[in-house]
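Colleague: I have just opened this structure and would like to learn how to read it. Could you walk me through it step by step?

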Amino acid sequence: MKQKKELLQTDLLIIGGGAAGCIAAIGAKEEVNLDVLVLEKAEISRSGDAGGGNDHLLAHLNTGEAWDTDQAMAEYYTRVSQGLIDIRVANRLHISRIREIVDKLESFGIEMRDPKTGQYIRTKSFGQPGPFFINYKGKRIKPILAKEVKKRGVKVLNRINVTNLLTDGKDVVGAMGFNVRSGTFHIVKSKTTLLATGDAIRLWPSSSGLAFNTWMSPYNNGAGHAMAFRAGAELANMEITVNTLVPKGFSAAGLNAFVGMGAYFLNSRGERYMQKYHPMGEGAPRYLLTLGTYRETLEGRGPCYVDCRHLPKEAMHHLTTHLLPVDKDTFITFCKQKGLNLKKDVMEIEISETQSAGIAGSVSGIVIDEEGKTTVDRLYAAGACTVPSFGLSGALAIGYSVGIEAAKAASNIRASGSHSDEEVEKEFQSVYAALNRKEGFSYQRFENKLRQIMGEYVGDIKTEKGLEIGLQKLGELERRVDDVKADNYHELMRVTEFKDLLLIGKLIAIAALERKESRMGLSHMRGDYPNQDDAHFHGSMILKKNGGRISVTFRPAPGP
Ligand SMILES: Cc1cc2nc3c(=O)[nH]c(=O)nc-3n(C[C@H](O)[C@H](O)[C@H](O)COP(=O)(O)OP(=O)(O)OC[C@H]3O[C@@H](n4cnc5c(N)ncnc54)[C@H](O)[C@@H]3O)c2cc1C
């Protein structure tokens with residue numbers, strides 16, 4: 001098979017058309033009239049974590065209440081991230097822009113308020129000082145954002161799986177990827193490039209055993225992290241991962257909906273257990289909800305359950321009609337098939353598969369500064385792939401802010417830098433190699449092995465010896481990547497995803513070895529260093545490519 005090559009030129013290139021990528025394109029176009037191109041491997045109207053809808057937007061509204069201010073939001077941010085993020089970056093790119101984002105979503109026609117009262121419906125969860133979550137009608141947030149993107153004249157190429165950044169040897173000057181339907185290879189030259197590729201999922205086994213049944217979008221594979229790393233950018237705290245609580249055997253978002261509406265968690269004795277772990281009980285930060293549930297199970301009081309039986313009629317209606325079906329289209333079908341009636345029955349829960357960051361309070365990802373710039377020139381990043389990120393609110397506010405900054409920077413650059421044809425040819429050969437292979441194994445075989453290694457050695461309780469064995473096994477898998485074979489372009493995309501996942505898995509294990517402490521519950525639990533050690537580890541593990549090696553350095557927390 002001979003693939004076509006196509007060269008494109010733009011001012012600002014955005015990789016990933018999820019929530020952050022779409023709003024970044026909108027921000028860029030509103031700031032300067034320049035060419036903006038979005039490359040998305042799926043289809044921007046339903047792609048990414050928000051593809052099926054979102055229902056909670058973290059926002060303070062400055063209503064005059066002490067908890068509802070920029071300062072209170074900044075304090076909350078700092079508390080849940082244990083001071084590991086640079087609050088100056090969060091303030092400039094996210095917190096100061098939240099109100100504008102709420103107004104913008106309303107101006108796009110998204111129903112942010114209760115139509116009966118005209119007020120915002122606000123709920124409190126995850127350790128918030130007040131009801132920071134606006135419950136809104138977000139089922140169609142992606143088609144609406146996509147429409148706004150197109151309305152502003154942004155060029156969008158769907159079905160392009162971006163595989164690598166293009167550099168001039170130092171700065172980023174564009175990117176390369178292929179069309180997952182036609183196979184055409186695209187080389188895009190840009191003045192500035194913005195990564196918005198979301199989080200890294202499919203790295204650990206989910207309890208249903210189905211690789212694509214995950215809490216967050218299974219199609220996000222840490223591609224942006226991997227591309228940024230290969231281009232020389234810094235990644236922070238990759239070892240600090242996240243989990244949530246999900247229905248037993250069914251990975252689905254929805255924890256926020258349950259706790260926001262006032263559900264309880266019960267152990268097998270029927271006792272509410274969260275008060276033991278945090279004074280806010282079920283309203284505790286997410287990592288404590290998973291840790292509490294983990295401890296109950298470990299100490300013989302499992303399995304654990306979510307209990308909604310006491311909820312008032314209106315709360316139950318809101319939960320089952322407006323929240324859970326947005327979190328997962330099939331949530332209510334799942335309950336029906338299990339014969340579960342949330343009004344009468346408790347529902348068994350478990351700890352979800354692990355994933356790499358991307359939610360409120362997560363502290364890992366591509367490092368960005370107050371302008372959203374990575375540590376590589378002309379490369380910007382926003383959304384779940386960066387630190388800070390902070391769920392949808394962060395993806396939208398930071399995405400919008402960074403879109404503006406990247407556009408301003410592009411408008412000050414006369415031409416995109418030069419690249420070498422050799423670099424392009426090398427990527428071309430490497431991308432299509434799996435397709436041209438006659439013999440080999442499927443990506444599923446490799447991915448299953450990767451998840452097995454991550455689960456066994458880089459899983460919930462890590463030890464030095466286990467991590468070393470894990471790294472050795474990941475190395476063995478890496479040496480066999482030339483045995484992976486694809487039969488079509490769709491599988492070829494999965495092969496490139498697998499390779500990025502393998503790199504991310506390795507980076508997580510390397511950083512986890514260096515963080516000789518435990519922090520944020522199951523997010524980073526070292527069996528051999530069970531305590532949090534602020535004296536030595538209150539800060540970030542920074543990973544960076546250093547020639548052919550991977551360097552890990554510790555950077556103390558930035559302070560207030
Ligand atoms: C079911 C569900 C419900 C949620 N509900 C809430 C909520 O109520 N409130 C909240 O705050 N958060 C919620 N979240 C999280 C929230 O949706 C994410 O934090 C947010 O969407 C992240 O935005 P993003 O743009 O960074 O990533 P995404 O929206 O996931 O977008 C990433 C995009 O990059 C594309 N991409 C990835 N790799 C490549 C590549 N190599 N080439 C080209 N394109 C690529 C993907 O296809 C995707 O479109 C929810 C998540 C899920 C899954």
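Modeller: Gladly! Let us start with a term: two strands pair if DSSP finds at least two bridges between them. Keep in mind as we go that this is a predicted model.

Colleague: Thanks! How many bridges link β13 and β14, and in which sense do they pair?

Modeller: Strand β14 covers residues 347-351, and its pairing with β13 is antiparallel, over three bridges. To find the place on your screen, look for Y305, whose bridge partner in β14 is E348.

Colleague: Now the hairpin of β20 and β21: how many residues lie between the strands?

Modeller: Two residues lie between them, and G547 in this hairpin takes a positive phi near 65°. The strands themselves, β20 (residues 539-546) and β21 (residues 549-556), are antiparallel and joined by eight bridges. Opposite G539 you will find P556 in β21.

Colleague: Let me turn to the ligand. Which residues around the ligand come nearest?

Modeller: There are 35 residues around the ligand, and the nearest are E40, D49, H56, N220 and A384. For polar contacts, look for pairs of N or O atoms within 3.5 Å. E40 has a polar side-chain atom 2.6 Å from a ligand oxygen atom. In the side chain of D55, an N or O atom is 3.0 Å from an oxygen atom of the ligand. G48 uses its backbone instead, with an N or O atom 3.5 Å from a ligand oxygen.

Colleague: How much of the ligand does the protein bury?

Modeller: Taken alone, the ligand exposes 1000 Å², and the protein buries 94% of that. Elements giving two or more residues to the shell are α1 (19-31), β3 (54-58), β7 (160-167) and α11 (391-411).

Colleague: Finally, what domains does the assignment give for the protein chain?

Modeller: The assignment gives domain 1 in several pieces (5-56 + 84-107 + 140-241 + 356-411), then domain 2 (245-351) and domain 3 (429-532). The C-alpha centres of domain 1 and domain 2 are 31 Å apart. Where these two domains meet, twelve residues of domain 1 are in contact with 14 residues of domain 2.

Methods. Residues numbered from 1 in each chain as written. Predicted model: local features only at pLDDT ≥ 70, side-chain atom pairs only at ≥ 80, totals over all residues. Heavy atoms only, no water. Helix = DSSP H or I, 4+ residues; strand = E, 2+ residues; numbered from the N terminus. Near = heavy atom within 4 Å. Polar contact = N/O pair within 3.5 Å; in protein donor to acceptor, adjacent residues only side chain to side chain. Areas by Shrake-Rupley, 256 points an atom, 1.4 Å probe, with all protein chains shown as cover. Domains from an automatic or database assignment. Contact = heavy atoms within 4.5 Å.
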